[in-house]
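Work through the exercises below with the sequence and the model at hand. Try each task before reading its solution.

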Amino acid sequence: MSWGTELWDQFDNLEKHTQWGIDILEKYIKFVKERTEIELSYAKQLRNLSKKYQPKKNSKEEEEYKYTACKAFLSTLNEMSDYAGQHEVISENMTSQITVDLARYVQELKQERKSNFHDGRKAQQHIETCWKQLESSKRRFERDCKEADRAQQYFEKMDADINVTKADVEKARQQAQIRHQMAEDSKADYSSILQKFNHEQHEYYHTHIPSIFRKIQEMEERRIVRMGQSMKTYAEVDRQVIPIIGKCLDEIVKAAEAIDQKNDSQLVVEAYKSGFEPPGDIEFEDYTQPMKRTVSNNSLSNSRGEGKPELKLAGKAKGKLWPFIKKNKLSLKLGSTPEDFSNLPPEQRRKKLQQKVDDLNKEIHKEMDQRDAITKMKDVYLKNPQMGDPASLDHKLAEAAQNIEKLRFEAQKFEAWLAEVEGRLQARGEQARRQSGMYDGQPPPTGHTCAQDRESPDGSYTEEQSQESQVKVLATDFDDEFDDEEPLPAIGTCKALYTFEGQNEGTISVAEGETLYVIEEDRGDGWTRIRRGEDEEGYVPTSYVEVCLDRNAKGAKTYI
């Protein structure tokens, strides 16, 4: 099967078909190019997604990734980043192996097609020129024959006419001979041109056109083969990254299987264990004695000392027993954490101090290594003065020694606090065990326990009671002692401008756009006390809410 023999008269259709083939190839190139753009966009979106959920450095969120479930999630994010990288590989390989290669091939194909059809048109023009020459010689031969016939008829007429002179007859005879000679010449020329045209036509339809069409056929078949090879490459590029993508997914499964719920539960205990012992039973206070009440050792009410008379004034109780007591707002202020972490519960304070001691020891070792390196360099300078001046390193050695001394002082300070906290925790544990063992055989004690005195209502551990953490029971009669504190009246409303996660004790979580009641204005410390519903109340940053006070409400004041 050959286009040259089968399609010898379909020049125009072959020209259209080959152009269609190039259009199809360009369409496929465009398809692959758009696929590469999609792969790049998908990879970029995956990387941004992974980056978006990565924990921020030196933030509380980073600390949360010590749990195995969070570690698995972090592993998933990292694997998704590698997963995105494989889609970038797909895009790069498709671009280099298909798009660029085919684009170059299309340009070569267009040039080859243009050259082949140029040769075909040139052959067509040549055969058309030969045909025109043949037609021209044929018409000339026909005209000369007609002219010769007319000249012969005229001569015969003149020769038959007796009235015509001999000279006119001779002239007519010569003219007829000339016309006959011209007709013979035209005949010979026409015969020659016809023979030449037949040869050219035979060459055109049996040599030139088949050769050109065969080249066009080979060109078209190469295009088809090249397109098929590109489609195989398209599939292979995807197939090559499947093992790596499978490894990414296997790592995600492996990380998920490594989740240990028991370990996470233990980490929660280590993170939030306060070290306090649960409060003991509240002792019975005998009010039958004339105006003398003894507060039990295990009561959560605090007093300055045993036997100290309590103040009794008119009015209802102004405080409630812990954990319902109002928190000290000073503990809520940002940046108010003391250096010795005394605001934390004992167990949490011990962990913070231990971490600080470990960090300081690491810094000390780092400074010592740096000092040793400088010392070695100085020894080298002493042995080889041409390498440097040993005296130039003295100030660096002095600076390193000063830093080491400073860090050691800081470490000793935190170690002393750590030893103090550990001693107290141990003493408290022993005391709790003694109380637990002696509880059934002894009457309820009437004095205060110093360990309980050092526990403030918000869970902090201090050397002595703070005045704000004492519960002052003020009553005038027996019934008033058991009345609950009346809730503070609302002095206005507020609308949450932002979402606030109330994670500290005494704060309250609010959602953006939520409307709540204001029960206490900002006193200049940046916190506003609000209430949700009837019994849920706490503090939020003043900058997080838009306050609308009712100036006619009781308790509403203006602070400048």
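Buried means under 20% relative accessible area, exposed over 50%, and partly exposed in between (1.4 Å probe, protein chains only). The model is predicted: local features need pLDDT of at least 70, side-chain atom pairs count only at pLDDT 80 or more, and totals for chains, interfaces and linings use all residues. Residues are numbered from 1 along each chain as its sequence is written, and side-chain values use heavy atoms, with hydrogens and water left out.

**Exercise 1.** Find how many disulfides the structure holds, then examine Cys494.

Solution. A disulfide is a pair of cysteine sulfur atoms within 2.5 Å. The structure holds 0 disulfides. For Cys494, the nearest cysteine sulfur is that of Cys548, 10.0 Å away. Cys494 is buried, because its relative accessible area is 2%.

**Exercise 2.** Describe the salt bridge between Lys413 and Glu410.

Solution. A salt bridge puts a side-chain nitrogen of Lys or Arg within 4 Å of a carboxyl oxygen of Asp or Glu. Here the N to O distance is 3.4 Å. Both residues sit in helix α8 (residues 394–438), 3 residues apart, so about one helical turn separates them. Helices are DSSP runs (H or I, at least four residues), numbered from the N terminus. Lys413 is partly exposed at 22%. Glu410 is partly exposed at 21%.

**Exercise 3.** Start from Arg529 and Glu520 and trace their salt-bridge network.

Solution. The side chains of Arg529 and Glu520 meet at 3.6 Å, N to O. Arg529 is buried at 12% relative accessible area. Glu520 is buried at 8%. Shared partners join Glu520, Arg523, Arg529, Arg531 and Glu537 into one network.

Technical notes: Helix = DSSP H or I, 4+ residues; strand = E, 2+ residues; numbered from the N terminus.
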